[in-house]
Amino acid sequence: MTKYIGKSVKRLEDKRFITGQGKYTDDIKLVNMAHAYILRSPYAHATINSIDTSEAKAMEGVVAIYTGADIPEAIAGVPCGWQVNFKNGDIMKEPPHPLLVRKKVRHVGDGVAIVIADSKAIAKDASELIDIDYDIHDAVTDPKAAAQAGAPLVHADVPSNTCFDWELGNPKEEVSAAMASAAHVTELEFANQRVVPNAIEPRSAIGHYDTAHDRYTLYTSTQNPHLTRLLMCAFVLGIPEHKVRVVGPDVGGGFGSKIFHYTEEALVTFFSKIVGRPIKWTADRSEAFLTDAHGRDHVTHAKMGFDADGKIVALQAYTYANMGAYLSTFAPAVPTYLHGTLLQGLYTTPKINVDVTATFTHTNAVDAYRGAGRPEATYLLERIIDLAALEMDMDPAELRLKNFIEPFDGVEQEGYVTQVALQYDSGNYAPVLNRALEMVGYEAFRKEQAAQSNGKLLGIGFSTYIEACGIAPSAVVGALGARAGLFESAQVTVQPTGKVSVYTGSHSHGQGHETTFAQVVADRMGIAIEDVEIIHGDSDRVAFGMGTYGSRSLAVGGSAIVKSVDKVLEKGAKIAAHLLEASPDDLDYADGKWTVRGTDKSVAFGDVSLTAYVPHNYPEGLEPGMDFSSFYDPTNFTYPFGAHVAIVEIDKETGAVKLKRFIAVDDVGNVINPMIVDGQIHGGLAQGIGQALHEGTVYDESGQLINGSYMDYCMPRADDLPSFEVDRTVTPCPHNPLGVKGAGEAGCIGSTPAVVNAVIDALWKGGFKVKDVPMPMTPERVWTAMQ
């Protein structure tokens, strides 16, 4: 029986957050600290003829000003961490991403100079005195247009804007033959628009060089302290890793945008030694809009073929994916191995081909944003299957159930092998959809929809999704192009008094690690949760780690912790056996004590831990102490899945869409803390619904982001959302010790197509045979579609 696992334990870390005691990067104040402001290009594509900083340097309070010319040639710029090859085997194009531009700017927001001053205000004022002479050039912002002949080149030394073209699945001729045999083919072209992550805490970085110890410290709002250190030391600045400490203090949200190594982190670290002072840089919100890695931005043409009974026979997808001006850390993986490999979905589609062309444009970099490729894949599949149901006059739920993969547990029945390079771990897909239908009251809703007569249109939309989480194993992702391992590490140290310190390479930015990990440790060790502390986010305290993203914290990080805990208990059993004069094989461990089986002789965990550090009566040949480290590299990804249902009402006079209900039934494997999982689902739903109805960047022809502030970029608000109705089924993961699959991105993956499908359903039932309304589905766009 578990005491903590499966219980909604209140988050232990929240006390410091809700009482204002959280410590974020911008809260840190070091002695004699200077402040940096990055002067950025106001143009998307321009040549720098000259930069005059003399007047700005003369301003009182200015410490120094540096441009690209001041950065040594040996510093090539920020690297990409993933390689994708062309179909023909050629390596992707990977132009350098300079810390500061020397000659040509490639997007609005490209860094041109860093101003270091006694205060941020002085640095910002001084930047306005810098005189730069630009020659402005034409720009391209659309990923499909960028691939066309004659498009303005983003990198003049690269012959085209195509970063790579990539293909996966069955040969095109096989897919085409299957499509030709289909009784019905549904075809759809659509855009999955670019969105801005908008974490509540803007990015911030402080670089500090300690002259006395010849050592650097970087404080940064990151999801990934060790990877930032690795990339910055090995590939950017050339500093030995042991001379750099990276600290990620409390982080106020990330949604993927804080995984990556950014230029500002290297700039403040590098120049802190030169100016002899710590340097802090913190983005303002407008700067975050321009420079935080964006998400999505795919243009896709898809076809799905069906036989006369409604069984899927083939899928063909062509996607243009926007990389932005430079390759961010994981950017090439998103439209390929996190998108293309998920196009099997939950369906038995026998022939699939996906063709992706990734292009450079004169825009900010695009990389992983909550879900990262999985939302784009789900959107493609779920939009086209819902549209097919409308075109074939079939019920969309029945069409899905007809095509679902049969149940398998990954143990008795082998994991399902897809047409696109993956093997699912375990799945039972019909129950999530059936439960969602039950919660909706589906038959009653359809009757209500048919009887609607108040000038409003009612619609229902479905989305049944699968995602790949627990991003690993290293050998697989290495074969897919990763330039790093994707394991996780954990150290468990038992103090002499029996208190436990856990050092994890996972790093929380809102997920509740300090609670969930403590629940796992306390339950497995049979001790009080108050006796467990979780340490993360500091490369000097945690030996190594791969950070938090891809819903991997519990599946990978938690499994590493379990491995170390089990090593502690194994050693503890040897000490306990010695104290009890028994064999370790004759002991049972429960409720924090070892008991000789069949007797009342026992010894408590605290007594064993004390003996480990005061080894007077101790097993011969056994080392003192109680401290173990582990690395966990999974044998497969994990595959959560679920069914989301949206019900909308459309005002025919204005086109305004009201989301009346939203039902989410997810299967994330075993659940450690239901409250935290519900919170993760709720947050993801808000973001996915936000993309469907409200959010989206707008670039003009010159490459200006014209809605780069909260005055113009529409975020979802509380009154835009109904009270979410959530439930779960449980299909444990068979290959990790906790049976968990991951929950952080599920809400964001399934919700977007459910809402769009609901709008299209309402329009069709109202007599408007509209195949697509571009996201975000604003009242103007919906009203126009009805005309």
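This is a predicted model: local features need pLDDT of at least 70, side-chain atom pairs count only at pLDDT 80 or more; totals for chains, interfaces and linings use all residues.
The largest nonpolar core has 153 residues, and the residues with the most contacts inside it are Trp82, Phe164 and Phe662. Helix 18 (residues 746-765) gives the most to this core, contributing 11 residues. A second, separate core holds 44 residues, among them Val9, Val556, Val562 and Val603.

With neighbours within four places in sequence left aside, Phe662 is in contact with His644, Val645, Ala646, Leu685, Ile689, Pro722, Phe724, Glu725, Ser751, Ala754 and Val755.

Helix 11 (residues 430-440) shows how a helix can present a buried face. Its buried residues are Val432, Leu433, Ala436, Leu437, Met439 and Val440. Viewed down the axis of helix 11, these buried residues fall within an arc of 165°, so they line one face of the helix. Just after helix 11 comes Gly441, which takes a positive phi of about 75°.

Aromatic side chains come next, with a count of 27 aromatic pairs. In one of them, the ring centres of Phe190 and Tyr379 are 5.4 Å apart and the planes stand at 65°; an angle over 60 degrees counts as edge-to-face, so this pair is edge-to-face. Phe190 belongs to strand 8 (residues 184-192) and Tyr379 to helix 9 (residues 374-391), so the pair ties together parts that are 189 residues apart in sequence. Both partners fall under the 20% cut-off for burial: Phe190 counts as buried at 5% relative accessibility, and Tyr379 counts as buried at 1%.

Phe637 and Tyr639 form another edge-to-face pair, at 6.3 Å centre to centre with 85° between the planes. Elsewhere, a charged residue meets a ring: Arg203 lies over the face of Tyr262, at 3.6 Å from the ring centre.

Ala612, in helix 16 (residues 605-613), is buried, with a relative accessible area of 0%. Not counting residues up to four places away in sequence, Ala612 touches Ile575, Tyr618, Pro624, Gly625 and Met626. The C-alpha atoms of Ala612 and Pro496 are separated by 7.3 Å, although the two residues are 116 residues apart along the chain.

Finally, 3 strands form an open antiparallel sheet in the order 4-2-6. Strand 4 (104-105) and strand 6 (131-136) stand at the edges with a single partner strand each, so one side of each is left without a neighbour in the sheet. Strand 2 (residues 46-52) pairs with strand 6 in the antiparallel sense over 6 bridges, and Asp52 has Asp131 in strand 6 as its bridge partner.

Note on methods:
Residues are numbered from 1 along each chain as its sequence is written. Side-chain values use heavy atoms; hydrogens and water are left out. Buried means under 20% relative accessible area, exposed over 50%, partly exposed in between (1.4 Å probe, protein chains only). Helices (H or I, at least four residues) and strands (E, at least two) are DSSP runs, numbered from the N terminus. The arc is that of the directions from the helix axis to the C-beta atoms. A nonpolar core is a set of buried Ala, Val, Leu, Ile, Met, Phe, Trp, Tyr and Cys residues joined through side-chain atoms within 4.5 Å. Contact means heavy atoms within 4.5 Å. Rings of Phe, Tyr and Trp (its six-membered ring) pair if their centres lie within 6.5 Å; planes under 30 degrees apart count as stacked, over 60 as edge-to-face and the rest as tilted. A charge sits over a ring if NZ of Lys or CZ of Arg is within 6 Å of the ring centre and within 35 degrees of the ring normal. Two strands pair if DSSP finds at least two bridges between them.
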